[in-house]
Amino acid sequence: MVASLGGRDAPHRPVLLRETLDFLEAARGGLYVDGTVGLGGHSEAILKASPETRVIGIDLDSESLKFASERLAEFGNRFRPVHANFRDIERVLGESGERPDGVIVDLGVSSLQLDSPGRGFSFRFDAPLDMRLDAEGETDTAADLLLRLSEEKIARIIFEYGEERRSRRIARRIVERREQGQPIGTTKDLADVIAKAVGYNKSQRIHPATRTFQALRIAVNQELDGLDRFVETAIDLLQPDGRFVAISFHSLEDRIIKRQFRRLAGYCQCSSRLPVCSCGARRAVEIMTRRPVTAGAIEVNENPRARSAKLRACRKLDPG
């Protein structure tokens with residue numbers, strides 16, 4: 001049985017929930033797309049906001065989608081689950097021909113994924129180093145990447161996606177293990193190699209492997225690829241006065257969303273050295289969040305995952 005929304009023992013505590021509902025104006029009813037439905041926390045709240053609300057819930061993780069479908073079964077055909085990548089929103093909506101009144105994406109990893117020992121997202125469990133959001137897919141696992149990529153490429157992934165300044169030292173140790181005929185294949189392997197490469201004291205609040213695990217997850221799932229195109233496509237698909245809300249947990253994601261919002265609000269993103277604008281800036285939205293919205297102390301205390309969450313929202317303007 002699925003636990004109810006909100007308690008400390010709930011399977012999923014959606015971050016910035018009140019703020020999300022306020023920006024989406026879910027109480028007005030209509031069609032909403034939850035591009036990363038996960039375990040259904042945001043979708044459940046949207047559906048409860050009005051009996052006239054419907055949600056299309058998209059997720060690449062079939063296990064999460066199944067859980068969300070069971071959790072939201074009480075809403076009947078007001079909730080439609082779709083196994084897909086949120087970047088496929090145009091195709092998904094094309095099946096119904098409808099334009100949504102709101103779109104929400106929560107770009108973080110769900111608690112189910114982090115707490116599933118066999119998925120390889122966390123070094124809290126010794127498991128195969130997988131990290132694929134679509135566990136049934138045929139794409140490379142994190143172990144596959146570490147087996148075939150060059151030391152330079154591994155270091156770049158760890159530095160750029162994990163913002164880890166000791167990336168070269170970590171990459172060197174990973175490749176040394178590979179060259180010794182002992183490629184890294186499990187989460188414990190990787191965490192131990194990183195701890196030895198940079199040093200680790202159990203009194204440290206954050207394990208030194210944290211940033212590298214994040215970087216590899218982003219690389220495995222190509223999480224930043226096409227994010228800018230998705231933001232623009234989703235906004236273009238909205239009804240006039242429709243709302244777009246994005247919650248990110250990484251500075252690179254937030255930067256992409258911020259840049260797209262500004263471009264679609266009519267602010268040119270080109271270099272000042274260029275004689276004419278070539279970025280395609282146009283006035284299509286009103287930015288509703290001058291700065292990203294972050295969680296307050298109470299929410300962070302109840303849900304530590306919310307600490308790094310940043311929410312940005314915009315409203316689609318009426319082209320007429």
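Biologist: Which element gives the largest share of the lining of the largest pocket?

Modeller: α10 does, with 6 residues. This is a predicted model, where local features need pLDDT of at least 70 and side-chain atom pairs pLDDT 80 or more, while totals for chains, interfaces and linings use all residues. Residues are numbered from 1 along each chain as its sequence is written, and side-chain values use heavy atoms, leaving out hydrogens and water.

Biologist: What volume does the largest pocket have?

Modeller: About 1700 Å³. That volume is the space filled by probe spheres set on grid points, joined across faces, edges and corners. A pocket is an open set of points on a 1 Å grid over the protein atoms alone, where a 1.4 Å probe fits, with protein on both sides within 12 Å along at least five of seven lines; lining residues have an atom within 4 Å of a point.

Biologist: Which residues lie nearest its centre?

Modeller: Leu114, Thr210, Pro304, Arg305 and Ser308, out of 43 lining residues. α5 (111–115), α10 (210–221) and α12 each give two or more residues to that lining.

Biologist: And by class?

Modeller: The lining has 13 nonpolar, 15 polar and 15 charged residues.

Biologist: Now the second largest pocket. What is its volume?

Modeller: About 470 Å³. Of its 25 lining residues, Ile218, Ala219, Val220, Asn221 and Gln222 are the closest to the centre. The largest share of this lining comes from α7, with 5 residues.

Biologist: Switching to Thr187. Buried or exposed?

Modeller: Thr187 counts as buried because its relative accessibility is 0%; buried means under 20% relative accessible area, with a 1.4 Å probe and protein chains only.

Biologist: Where does Thr187 lie, then?

Modeller: In helix α9, residues 187–198. Helices here are DSSP runs of H or I, at least four residues, numbered from the N terminus. The Thr187 side chain reaches the backbone oxygen of Phe125 at 2.4 Å.

Biologist: Last topic, the largest nonpolar core. Which residues touch the most other members?

Modeller: Ile56, Ile89, Val103, Phe230, Ile235 and Phe244, among 33 residues. Such a core is a set of buried Ala, Val, Leu, Ile, Met, Phe, Trp, Tyr and Cys residues joined through side-chain atoms within 4.5 Å. The largest share of this core, 6 residues, is from α11.

Biologist: What does Phe244 contact?

Modeller: Leaving aside neighbours within four places in sequence, its contacts (heavy atoms within 4.5 Å) include Val103, Phe230, Ile235 and Arg312.

Terms used
Buried < 20%, exposed > 50% of the residue type's maximum accessible area, 1.4 Å probe, protein only. Polar contact = N/O pair within 3.5 Å; in protein donor to acceptor, adjacent residues only side chain to side chain. Nonpolar A, V, L, I, M, F, W, Y, C, P; charged D, E, K, R; others polar.
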